[in-house]
Amino acid sequence: MPESLFKREANSASAVNDSVLTECRDQVIASLTRYTEHGPTTGTTCYVWPSSECPVGCGHCNYAAPMSLNRLSRYSVARDPAPVLKLMNGMGLWKAVLSGGGEPMVEPEFCERFVHEVDSPGLEEIELITSAHFAADEDETGRRVRSLVDAWRTRPAHLARANFTIRISLDWFHAQRIGVEPAARVIRLLGEDGLRDVGCYVRSVLLDGDSTTEKLAAALGGELTEMDDYQRKIHLPDGRTVLVYFKNLIVEGRMNQRKLSRLPVSLPEQSLAEVFGRRFETEQGKSVPARTYNGPQVRHLEGLACLIEDDGRVRILEGNDPHRCPNVRQTDDWEQAIEYLYADPLTVYLVDNGPQDLARLLADEFPDSLRMAADTNQLYHLTELLLAEPDRRLYATLRALEIHLAEGRVTADRETVERAWALFSARSEQRPPGTGRD
């Protein structure tokens, strides 16, 4: 342990800065033996962001995705698909999803290659999540959708025979920007001969005063059913049925309560985080997003729900510290990535227990953690909030490690851990009133 790391601790006149806390946490992790027991190593689902850009620019976007990346230097994974596909093809996937972040179809060539090449022995479904912004007219709709379908139909024979589904994001905010017609064009096209085996459903946001789904049903000439378990169905004249699945509004990113109060739509009780989140609880009353698929039919997974962001970071949804992630460009394969993730006590704890339990673990020192847990249930976002600062990350690591040491799942260098606790105590003493345990 370098002596210089703790000079600030020894000198009461010096402040413990963030970089020292981060370095300390890294050294605690480096001092650990390999865990003898941890969560699953299979990535049952994986979401990939080809871009962080979205040309629609909805007012409720909790990612606050920019409408253009012309001024940004970010190097998207769409420029280099091979590392993404190599990593994902070793996960053991049930479902592979193109999502965002931004809008995947700003990178259509990447999407087509992904649909054509992504694979795992048990892969059942490939899904594209899109606003359908690309469906500007019938010709463009046909060109884009048929290119994706052709990529799917021409998958090499040795790859898994996975289904292909297009999930359309459409709600009041989308409709203000592009209307319902782009979504309607895609749905109509998929009713043509030769395309009916392509899956399609709509995901909306549950709001009072939102007639977007009714407008979509009218545009399609369909009949709309009543709400049941956050779902409605549009029965189309051609005999098809399109599912509309509603989720809660995340009041983050571009949206806040003040903006929402000025709009002609509002949050019903069923859209509150604490109500909507009950859908995803196990029979034991626990919600562990890292082990849950949050689609129209909730599925508790044997493996992990994972994410690859547009910059290449590999994450477990709400299941690891977002400040410590492997990257597809510096990782040989999934085995190496998951070994790196499980070296961190926070990953082991979150995959076992979920971020709600992490909030309770943090609450003794950081009481606002319980409010964060009550106010949001957005996948991976709660963990970001809880672990936003280095002192939170260090404290959470040490508390989780205490539990794992007592369980005999890992061993640590005692001196390193004691020094980390001392450093955290020094930081706590300099924390402003009202931000800690006062």
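His235 stands opposite Thr241 of strand S8. S8 (residues 241-247) pairs with strand S7 (residues 231-235) in the antiparallel sense, over five bridges. Two strands count as paired if DSSP finds at least two bridges between them. This is a predicted model: local features need pLDDT of at least 70, side-chain atom pairs count only at pLDDT 80 or more, and totals for chains, interfaces and linings use all residues. Residues are numbered from 1 along each chain as its sequence is written, and side-chain values use heavy atoms, leaving out hydrogens and water.

**Sheet**

- The open sheet has 10 strands, ordered S6-S7-S8-S5-S4-S3-S2-S1-S11-S12, with mixed pairing.
- Strand S6 (223-224) and strand S12 (314-316) are the edge strands, and each pairs on one side only.
- Helix H5 (residues 138-153) packs on the sheet and touches strand S3 (125-130) and strand S4 (163-169).
- The direction of H5 makes about 150 degrees with that of S4.
- Helices (H or I, at least four residues) and strands (E, at least two) are DSSP runs, numbered from the N terminus.

**Helices H4 and H5**

- Helix H4 (residues 108-117) packs against H5 at about 30 degrees, with the axes 7 Å apart.
- Axes are lines fitted to C-alpha atoms, for helices over the stretch in contact, and angles run from 0 to 180 degrees between N-to-C directions.
- H4 and H5 are therefore roughly parallel (under 35 degrees).
- H4 contributes Pro108, Cys111, Glu112, Val115 and His116 to the contact (heavy atoms within 4.5 Å).
- H5 contributes Arg144, Ser147, Leu148, Ala151 and Trp152.
- By class, the contact of H4 with H5 has six nonpolar, two polar and two charged residues. Ala, Val, Leu, Ile, Met, Phe, Trp, Tyr, Cys and Pro count as nonpolar, Asp, Glu, Lys and Arg as charged, and the others, Gly among them, as polar.

**Helices H13 and H14**

- The axes of helix H13 (residues 355-363) and helix H14 (residues 368-375) come within 7 Å and cross at roughly 160 degrees.
- H13 and H14 are therefore roughly antiparallel (over 145 degrees).
- This crossing is left-handed (anticlockwise).
- Gln356, Ala359, Arg360, Leu362 and Ala363 of H13 meet Ser369, Leu370 and Ala373 of H14.
- Five nonpolar, two polar and one charged residues make up the contact of H13 with H14.

**Burial of H13**

- The buried residues are Pro355, Asp357, Leu358, Ala359, Leu361, Leu362 and Ala363.
- Their cover includes helix H12 (345-353), H14, helix H15 (381-386) and helix H16 (390-407).

Conventions: Parallel < 35°, antiparallel > 145°, perpendicular 65-115°, else oblique. Buried < 20%, exposed > 50% of the residue type's maximum accessible area, 1.4 Å probe, protein only.
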